[in-house]
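Visitor: I am new to this structure. Please pick one part, take a close look at it, and then show me how the rest is arranged around it.

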Amino acid sequence: MAHQLPELPYGLDALEPHISRSTLEFHHGKHHAAYVTNLNKAIEGGELEGKSLEEVILAVAGDASKAGVFNNAAQVWNHSFYWQCMKPGGGGAPTGALAEKIAADFGSYEAFVEQFKTAGATQFGSGWAWLVLDGGSLKITKTANADLPLAHGQKALLTMDVWEHAYYLDYQNRRPDYMTTYLDKLVNWDFVAANLAAA
C-alpha cells in the first residue's frame, strides 16, 4: 500500500497565533504532501514498495545511490513526527517522569532549553533539532536536511523543524523567536513523555 499523508492532529487554525493557518497549509498541504508523492513514485514497483517508512529509511540510509529515496522517506517521517510534537496550549516545562529525566540528564529544564535552542540556532541552513534517547540517556542533537535519529540508532522523543518553510511566513528570518515560541507555547509534552515511556 502506498504511503499516505497523515492528517494533522489538530485543525489548521489550532496553533494560531503561534503558527498560522497559512504556514500549516503550505507546510503540511504542500511540502509534506510532496515528500509523500515523491517517495511513492521513487519506490513504486521496487523491492521497497509495501515496506514501512522505518524499513525504507533503514534500508537506504548511507547509500548515496538511494539519496532521493532516503530524503523523501525521512522527510515524511520527520514531518509526521513533528506535527505530533505540538498541540494547542502546549509548551512550558514538562512534569512527572519526563521532567525528572530531563533534570537528571541536563541538570535542569532551563539547561535543556538552552541546549535545545542552541542546536536549532546553530543548524546551518535546513534541518532539525532533536531530543533523543541514546543508550539510556537523553541527548540533544541536530541533523541537516532530512537526516534523523533513526538512521543513527537513536530514539527520537521531540523534534523542532528549523527548515525556513516551518516558520518564515510567521517569523521571517527570526528563527530564535520561533524557537522560543515553540518551547513556550507549542510543545506537546504528553507525546514526548509517551515516547520516553515506550522506549
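Guide: Buried means under 20% relative accessible area, exposed means over 50%, and partly exposed lies in between (1.4 Å probe, protein chains only). Helices (H or I, at least four residues) and strands (E, at least two) are DSSP runs, numbered from the N terminus. This is a predicted model: local features need pLDDT of at least 70, side-chain atom pairs count only at pLDDT 80 or more, and totals for chains, interfaces and linings use all residues. Residues are numbered from 1 along each chain as its sequence is written, and side-chain values use heavy atoms, with hydrogens and water left out.

Our part is helix 5. It covers residues 109-122, which makes 14 residues.

Which residues of helix 5 are buried? They are Tyr109, Ala111, Phe112, Val113, Phe116, Ala119 and Gly120. An α-helix has 3.6 residues a turn, so residues three or four places apart point the same way. Look for that spacing among Tyr109, Phe112, Val113, Phe116, Ala119 and Gly120, which are buried in helix 5.

What do these buried residues pack against? Three strands are on the list: strand 1 (127-134), strand 2 (137-144) and strand 3 (155-161). Helix 4, helix 7 (175-186) and helix 8 (189-198) are on it too.

Take helix 7 as the partner. Helix 5 and helix 7 pack at an angle of about 145°, and their axes are 10 Å apart. Axes are lines fitted to C-alpha atoms, for helices over the stretch in contact, and angles run from 0 to 180 degrees between N-to-C directions. The crossing of helix 5 past helix 7 is right-handed. That word applies if the near helix is turned clockwise from the far one by less than a right angle; anticlockwise gives left-handed.

On the helix 5 side, the residues that meet helix 7 are Tyr109, Phe112, Val113, Phe116, Lys117, Gly120 and Ala121. Helix 7 brings Arg175, Met179, Thr180, Tyr182 and Leu183. Contact means heavy atoms within 4.5 Å. By class, this contact has eight nonpolar, two polar and two charged residues. Ala, Val, Leu, Ile, Met, Phe, Trp, Tyr, Cys and Pro count as nonpolar; Asp, Glu, Lys and Arg as charged; the others, Gly among them, as polar.

Stay on helix 7. Lys185 lies there. It is partly exposed, because its relative accessible area is 41%. Its contacts, leaving aside neighbours within four places in sequence, are His18, Lys87, Gly89, Gly90 and Gly91. Pro17 is 168 residues away from Lys185 along the chain, yet their C-alpha atoms are separated by 10.0 Å. Pro17 sits in the segment before helix 1 (21-43). A cis peptide bond joins it to Glu16, with omega about 5°.

Now follow Gly89, one of the contacts of Lys185. Gly89 is in the loop between helix 3 (67-84) and helix 4 (96-106). Its relative accessibility is 76%, so it counts as exposed. From Gly89 to Ala73 is 16 residues in sequence and 30 Å in space, C-alpha to C-alpha.

Ala73 takes part in another helix pair. Helix 2 (residues 53-60) packs with helix 3 at about 145°, with axes 9 Å apart. This crossing is left-handed. Leu53, Glu54, Val56, Ile57 and Val60 of helix 2 touch Val69, Phe70, Ala73, Ala74, Val76 and Trp77 of helix 3. The classes here are ten nonpolar, no polar and one charged.

Asn78 also lies in helix 3. It counts as buried because its relative accessibility is 0%. Beyond neighbours within four places in sequence, Asn78 is in contact with Trp128, Trp130, Ala146, Asp147, Leu148 and Thr159.

Two backbone details remain. Asn145 is in the loop between strand 2 and strand 3, and its phi is near 55°, a positive value in a residue other than glycine. Gln172 is in the loop between helix 6 (168-171) and helix 7, with phi near 50°, also positive.

Finally, the record. UniProt, in an unreviewed entry, lists residues 94-194 as "domain: Manganese/iron superoxide dismutase C-terminal". Its positions use the numbering here, feature names are shortened, and annotations may be inferred rather than shown by experiment. That span is 47% helix and 23% strand, and its end C-alpha atoms lie 12 Å apart.

Definitions and conventions: Expected span 1.5 Å × (residues − 1).
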